[in-house]
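The following exercises are to be worked through with the sequence and the three-dimensional structure in view. Each task is followed by a solution in steps.

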Amino acid sequence: MSPFEWRSVGDHDPKRLAEARNQLLSATQWLARIERSYAAPHDPEVSLRWLDDRNVISTHDLGSDLSLVLNVDDLRMQFNEAGNPSDHEIDVEERSPAHIEAWLLIELLHRGVDRERFSKDLPYDSVGLLNGDGVEFSPGEYEPELRALDAWMRNAAQAIKAAAAAPGGQDDVLRVSPRDLRVQAAAGGRVLGFSPGDEMIPEPFFFVAAAGGPNGAGEPIAVLRASEIRDSDAPERVIAFLRSGGQPTTH
C-alpha cells in the first residue's frame, strides 16, 4: 500500500510554470513581511510554515493566536484566528502590491494590532518579484500552473514528513522559505526538502542538504528531479531518496 496519496501533476510549460512560481513567490513576501514584523524569531532568517490541515503557507503565531495564511492554488490570503479562518480574505487577482498592503493594514487595525510595527523590509533581495504600484497579480492567468505547484507542495509535505519521521527526524516541523519557496525539515543532521524550481534547476525537485546557510540548508548534496519521478511509485521512491540521501549530485 502506498504511504500516502500522490497527486498526479502532469506536464506543464516550463516558462509558464516559472511565471506562476514568481506570482506565488511574490505573494509569499507579504507573509514574510508580516512574520518579520510581528512573530517571534524562529530561524536566523525569516521562515514560514506549511499547515497540513489546510495545505496552506502560514506565518507563525503573530500574538493572540493570530496568523496569516496563503492558498497556493489561487493566492488568496486571509488571517487565521485561534486556528479558524477569518471571514475576510483578499483575492489578489488584478490587485497591486499597494492594494494588498492597504488590506493588511486595515485587517491589523481591526484586530488591534500595532500597525507602526509593520515593515516591508526583508533580509534578502526581492528584485524580479511583483513590487511597486505599476504591477498587478494575475493568478487566474496561471490557474493550471498554480494548481500544479499546489499539488507538488502537498506531495512534498507528505513525503518529507514521512521521511523525517525516521529516527532522528522532526516530523512536526515543516518550514517554508520565503526566499525561494523551499519546503524542508531537519532530520538526522541533514535537511530534507523540496523546491518548486530555481535558476539552476527550473523544474521542481526534491533534495537532501547539509544544515546551515541563510535559509537553514546548504547547497543540495543530492537531487531528485520531477522528470525522474513516475506517478506509479512516486511516494515510495521519493521517501526512499530522502531517507537515503540519494547519490551526490551537482546542483
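pLDDT is the predictor's confidence in each residue, on a scale from 0 to 100. This is a predicted model, in which local features need pLDDT of at least 70 and side-chain atom pairs count only at pLDDT 80 or more, while totals for chains, interfaces and linings use all residues. Residues are numbered from 1 along each chain as its sequence is written, and side-chain values use heavy atoms, with hydrogens and water left out.

**Exercise 1. Confidence**

Task: State the average pLDDT of the chain, and examine residues 167-171.

Solution. 
Step 1. The average pLDDT of the chain is 90, and 92% of the residues score at least 70.
Step 2. Over residues 167-171 the pLDDT stays under 50. For this stretch the model has 12 contacts beyond four places in sequence, a contact being heavy atoms within 4.5 Å.
Step 3. Where pLDDT is low, predicted coordinates should not be read in detail.

**Exercise 2. The sheet**

Task: Give the order of the strands in the open sheet, and determine which strands stand at its edges.

Solution. 
Step 1. Helices (H or I, at least four residues) and strands (E, at least two) are DSSP runs, numbered from the N terminus. Two strands pair if DSSP finds at least two bridges between them.
Step 2. The 10 strands follow the order β5-β4-β3-β2-β1-β6-β7-β8-β9-β10, with antiparallel pairing.
Step 3. β5 (84-90) and β10 (217-225) stand at the edges; each has a single partner strand, so one side of each is left without a neighbour in the sheet.
Step 4. Helix α3 packs on the sheet and touches β1 (48-51), β2 (56-58), β7, β8 and β9. The direction of α3 makes about 165 degrees with that of β8, where axes are lines fitted to C-alpha atoms, for helices over the stretch in contact, and angles run from 0 to 180 degrees between N-to-C directions.
Step 5. Helix α4 (residues 234-244) lies across β8, β9 and β10, running at about 15 degrees to β9.

**Exercise 3. Strand β7 and its neighbours**

Task: Follow the pairing of strand β7 on the side of β6 and on the side of β8, then describe V183.

Solution. 
Step 1. Strand β6 (residues 175-176) pairs with β7 in the antiparallel sense over 2 bridges; V183 in β7 is the bridge partner of V176. These two strands form a hairpin with 6 residues between them, and L181 in the turn has a positive phi of about 70 degrees.
Step 2. β8 in turn pairs with strand β9 (residues 205-211) over 6 bridges, in the antiparallel sense. R190 stands opposite A210 in β9.
Step 3. Of the 5 residues of β7 (residues 183-187), 4 are buried, that is, under 20% relative accessible area, whereas exposed means over 50% and partly exposed lies in between (1.4 Å probe, protein chains only). V183 has a relative accessible area of 0% and is therefore buried.
Step 4. Beyond its neighbours within four places in sequence, V183 is in contact with residues including M153, I160 and L192.

**Exercise 4. Aromatic rings**

Task: Identify the geometry of the pair of W6 and W152, and explain why each residue counts as buried.

Solution. 
Step 1. Rings of Phe, Tyr and Trp (its six-membered ring) pair if their centres lie within 6.5 Å; planes under 30 degrees apart count as stacked, over 60 as edge-to-face and the rest as tilted. The structure holds 7 aromatic pairs.
Step 2. W6 and W152 are edge-to-face, at 5.7 Å centre to centre and with 85 degrees between the planes. The two residues are 146 residues apart: W6 is in the segment before α1 (14-38), and W152 is in helix α3 (residues 143-164).
Step 3. W6 is buried because its relative accessible area is 13%; W152 is buried because its relative accessibility is 9%.
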